[in-house]
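Subject: Structure for you to look at

Hello,

Please find the structure below, with notes on what turned up in it. Have the 3D view open while you read.

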Amino acid sequence: MTIQIHNTLSGKKEALLPIEKGQVKLYVCGITSYDYCHIGHARSALAFDMIVRYLKYRGFKVTYVRNFTDIDDKIITRAKEQQTTSEELANRFIVEFYTDMDKLGIDRPDIEPKATKHIDEMITLIGELIDQGKAYPSGGDVYYIVDSFPEYGKLSKRNLDDMQAGARISVNEQKRHPMDFVLWKGSKPGEPTWDSPWGPGRPGWHIECSAMSRKYLGENFDIHGGGQDLIFPHHENEIAQSEGANHKPFANYWIHHGFVTIRDEKMSKSLGNFLTIRDILDHYHPEILRFFIFSTHYRNPLDFSETAMQDATAGLERLYECIAAIDALQPLTSVADTASVCTDKDIQQLEGLETRFQQAMDNDFNTAQAQGIFFDSVKAINRIRGKLPAVPATDDLYLLKSSIEILKKLANIMGLLREDAGQFLTAKKNKLVSEGDIDIASIESLIAERYQCRRAKNWVRSDAIRDQLLEKNIELMDGPDGTTWLVKGN
RNA sequence: GGCGGCGUAGCCAAGAGGUCAAGGCAGUGGUCUGCAAAACCAUUAUUCAUCGGUUCGACUCCGAUCGCCGCCUCCA
């Protein structure tokens, strides 16, 4: 069974057949570094983190390149506002980016090139395009001749005529054709600048990815990815530049993930409806964000809301509760000749876990379906656990423990279930207590008092204590081993 | 206006030409409990926006209609 990937270029799912057997070369457009990252950036980083991990899990060697755009108009403008240099600003937000990525537990790509470190490569590439008559200098800028690339529009499925019908193409006297796009921008006084054969300036946005992907992955490589908003013009232009210069297919597969929306609208600075990664991480454990993001297929829009995050919290806790319960089973109590309590259905369910997971993930990285499979397994595990006698059969115990190990291994591809289950659950409790207006000592002392009341069958006082704590959002649970408690809410 | 996508139970969300339309949340019933809570188990769509067509058979393919979203300008 091969991995099927939805390829934006063909609009269809295709089997992943790398250029070099067993080796996948992946280029992903990273951030423009001028501000804190929002959850849309998180989705991008998380999606490709998952994809890379899955490819590795399936036995591929992966070379993963993700760039930093550290020079562009927004950076220059923002640096001016903050009375600093573009370089300082860009570097500062790269550090902040890493802080967020580390908190989310995202692995570093193999290569993370910065645009400003590859000006020479870009100048070389622009020179090649000019030599081939596919670009022209004009007024200190250099433009790409879109008419020189007959396949222009093949990725975004549009043609030059359609686009010109749209009224929003900016008029620019320097351009021969309104859709020609800039490869090199002449610099204005006070702007960061590099020397070039066409005068001082800086690179256009699209050229960096063509130049850097060629340097690190070659002229033709396997997968190129990014957000859906990059399809046009960014990736379309990259294709025009790279295939125009190299006369070879550029990326074989294009993967584009969907947006994170809020109230069904794309997050954007102009609408002011964006949330930064750290906004979220202030309130939610990183795995909750991951669980939420992977609860939908990567190409679909994902609507952020408190409710959705609460659902994600509940779902993730269900998984952790299951693990914690199995962790708590004592392996030494098992005896070989105890009868098994597992039904064939449960055994089949658990033994099929990894295969079913692979089938889901092979199908264009369907994490939503994969999560469903986790829950199927949890249900089977809980069902068995519920029937377990005080001295369970060795085989049953082994099945439970090994299923949990597989579950954790597979969930790890999405970066989930990495924590110790007990710690995950108590950490949350402690956090909630610290946010409330009662401390653990008072809770414990009231529970101790109630214990005495309950022994004396003083239900009135005992219930009063319970209600008193409930007002503070502390819920009591009487079990055979004493009373435990939790904090209501999320 | 052009192009692309989506519309599945109260909410979120998979699936896919033909046995029961995954799973999560919420709801309901049960186990447990002094009563609860939590947890666990069970259960919840004769139906997949609407209308036509293709087919022995469609939620899944085709066409139209309605609604929503995105791109066409920087954007993950």
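Ile262 has Phe304 as its bridge partner in strand S13. This is a predicted model, and that applies to everything that follows. The two residues belong to a pair of strands, S11 (residues 260-262) and S13, which run in the parallel sense and are joined over three bridges. Both strands are part of an open sheet of three strands with the order S12-S11-S13 and mixed pairing. At its edges are S12 (265-266) and S13, each of which pairs on one side only. As background, the strands of a sheet pair through hydrogen bonds of the backbone, and the pairing can be parallel or antiparallel.

There is also an open sheet of four strands. Its order is S5-S6-S7-S8, and its pairing is antiparallel. Strands S5 (135-138) and S8 (201-203) are at the edges and have a single partner strand each, so one side of each has no neighbour in the sheet. On average, neighbouring strands in this sheet are turned by 25° against each other, direction ignored. Within it, S6 (residues 141-144) and S7 (residues 181-186) are paired in the antiparallel sense over three bridges. To find the place in the viewer, look for Tyr143, which stands opposite Val182 in S7. Helix H4 (residues 119-131) lies across S5, S6, S7 and S8, and runs at about 125° to S7.

Next, the salt bridges. How many does the structure hold? The count is 31.

In one pair, Arg278 bridges to Asp100, and their closest N and O atoms are 3.0 Å apart. Arg278 is in helix H8 (residues 277-283) and Asp100 is in helix H3 (residues 86-104), so this bridge ties together parts that are 178 residues apart in sequence. Is Asp100 buried or exposed? Its relative accessibility is 1%, and the limit for buried is under 20%, so Asp100 counts as buried.

Another salt bridge joins the side chains of Asp364 and Arg299, at 3.3 Å from N to O. Here too the pair links distant parts of the chain, 65 residues apart. Asp364 is in the loop between helix H12 (353-362) and helix H13 (367-387), while Arg299 is in the loop between helix H9 (286-293) and strand S13 (302-304). Asp364 has 0% relative accessibility and therefore counts as buried. Arg299, at 26%, counts as partly exposed.

The side chains of Lys154 and Glu151 also meet in a salt bridge, with 3.6 Å from N to O. Lys154 is partly exposed, with a relative accessible area of 25%. Glu151 is partly exposed as well, with a value of 43%.

The network consists of Asp49, Arg53, Asp107 and Arg290, which are linked by salt bridges.

On cavities, there is one of 30 Å³ or more. The largest cavity has a volume of about 30 Å³. Which residues line it? They are Arg43, Ala47, Ile293, Phe294, Thr296, Tyr298 and Thr367.

Last, some points about the backbone. The peptide bond from Phe232 to Pro233 is cis, and its omega is near 0°. Pro233 is in helix H7 (residues 231-246).

Gln83 has a positive phi, near 50°, and is a residue other than glycine. Gln83 sits in the loop between helix H2 (73-81) and H3. With a relative accessible area of 76%, Gln83 is exposed. Leu417 is not a glycine either, yet its phi is positive at about 55°. Leu417 is in the loop between helix H14 (394-411) and helix H15 (421-435). Is this residue buried or exposed? At 4% relative accessibility, Leu417 counts as buried.

Regards

Key:
Residues are numbered from 1 along each chain as its sequence is written. Chains are lettered from A and ligands numbered from 1 in the order in which they are written. This is a predicted model: local features need pLDDT of at least 70, side-chain atom pairs count only at pLDDT 80 or more; totals for chains, interfaces and linings use all residues. Side-chain values use heavy atoms; hydrogens and water are left out. A salt bridge is a side-chain nitrogen of Lys or Arg within 4 Å of a carboxyl oxygen of Asp or Glu. Buried means under 20% relative accessible area, exposed over 50%, partly exposed in between (1.4 Å probe, protein chains only). Two strands pair if DSSP finds at least two bridges between them. Axes are lines fitted to C-alpha atoms, for helices over the stretch in contact, and angles run from 0 to 180 degrees between N-to-C directions. Contact means heavy atoms within 4.5 Å. On a 1 Å grid over the protein atoms alone, a cavity is a set of points where a 1.4 Å probe fits but cannot get out, and a pocket is an open set with protein on both sides within 12 Å along at least five of seven lines; lining residues have an atom within 4 Å of a point. Grid points are joined across faces, edges and corners, and a volume is the space filled by probe spheres set on the points.
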